[in-house]
Amino acid sequence: MKHTDLIKIAQNRHRIMRTPQTGEVLVRFPGPADEPVFPAIVDDTWNGAAVPQFRREIAKLVAAHINSAGSKTTARAVWDGDTLVVTETEKANDPGYVPERIKPSKDGRYCILGKAWSWELIGE
C-alpha cells in the first residue's frame, strides 16, 4: 500500500493531527482506536512498539494531547525552554522518581516516552 493511501485511511479513521512529511509515518498512543494520530520518524522499536521521533511542531501537539486528557491521563507534559518535561503521574510520588526531560535530538526531534509507552504504527 502506498504512503499516500495510508494517510487517506488514517484521515478517514482517525483524527490526524498533521500531514506527514517525507520519511514520516503515522503513530498513535496505545489505547482507544479513536486516539489522534501523529506523524513521526520511526527508526527503532522497543518491545515490538514504535519509538517515534517527533518534529517540534508535532511534539507540541503530543504534549497538548497528553495534558488534554484531564484526570484520566497517566502523564503531564510541560515545556522548559526547548526541553519537554513529562511526569508519569502514577510514578510521581515514588521515592527517587525523576520526570523524563526530553531534549531535541541533533536533528531537532523529540522522542516522547518512546521506550516507556507502546506507540502504535497506523496502517502497518
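Colleague: Which residue in β5 is the bridge partner of R76?

Modeller: This is a predicted model, so local features need pLDDT of at least 70 and side-chain atom pairs 80 or more, while totals for chains, interfaces and linings use all residues. Residues are numbered from 1 along each chain, and side-chain values use heavy atoms, without hydrogens and water. Strand β4 is joined to β5 (residues 83-88) by 6 bridges, and the two run antiparallel (strands are DSSP runs of E, at least two residues; helices are H or I, at least four; both are numbered from the N terminus). Within β5, R76 has as its bridge partner T87.

Colleague: In what order do the strands of the sheet with β4 and β5 lie?

Modeller: The edge strands are β4 (75-80) and β6 (100-102), each pairing on one side only (pairing takes at least two DSSP bridges). The twist from one strand to the next averages 20°. This open sheet has 3 strands with antiparallel pairing, in the order β4-β5-β6.

Colleague: What angle does the direction of α2 make with that of β4?

Modeller: Helix α2 covers residues 56-68 and packs on this sheet, touching β4 and β5 (contact is heavy atoms within 4.5 Å). Its direction and that of β4 (N-to-C, from lines fitted to C-alpha atoms, for helices over the stretch in contact, on a scale of 0 to 180 degrees) make an angle of about 140°.

Colleague: And the other sheet: what angle does α2 make with β3 there?

Modeller: The other open sheet has 5 strands, in the order β7-β3-β2-β1-β8, with antiparallel pairing. Its edge strands are β7 (109-110) and β8 (120-121). Inside this sheet, 4 bridges join β2 to β3, and T45 has A50 in β3 as its bridge partner. Helix α2 packs here too, touching β2, β3 and β7, and its direction makes with that of β3 an angle of about 115°.

Colleague: How far apart in sequence are the parts tied together by W79 and Y110?

Modeller: The ring centres are 5.3 Å apart and the planes stand at 85°, so the pair is edge-to-face (centres within 6.5 Å; stacked under 30 degrees, edge-to-face over 60, tilted otherwise; Trp by its six-membered ring). Y110 is buried at 1% relative accessible area, whereas W79 is partly exposed at 29% (buried is under 20%, exposed over 50%, partly exposed in between; 1.4 Å probe, protein chains only). W79 lies in β4 and Y110 in β7, so the pair ties together parts whose separation in sequence is 31 residues.

Colleague: Which residue lies over the face of W79?

Modeller: The distance from the ring centre is 4.5 Å (the criterion is NZ of Lys or CZ of Arg within 6 Å of the centre and within 35 degrees of the ring normal). The residue over the W79 face is R56.

Colleague: Which residues link into a cluster through ring pairs?

Modeller: The whole structure holds 4 aromatic pairs. The cluster linked by ring pairs consists of F38, F54, W117 and W119.

Colleague: Which residues does P30 touch, beyond four places in sequence?

Modeller: P30 sits in the loop between β1 (25-28) and β2, partly exposed at 35% relative accessibility. From P30 to A49, 19 residues away in sequence, the C-alpha distance is 9.6 Å. Leaving out residues up to four places away, P30 touches S118, W119 and E120.
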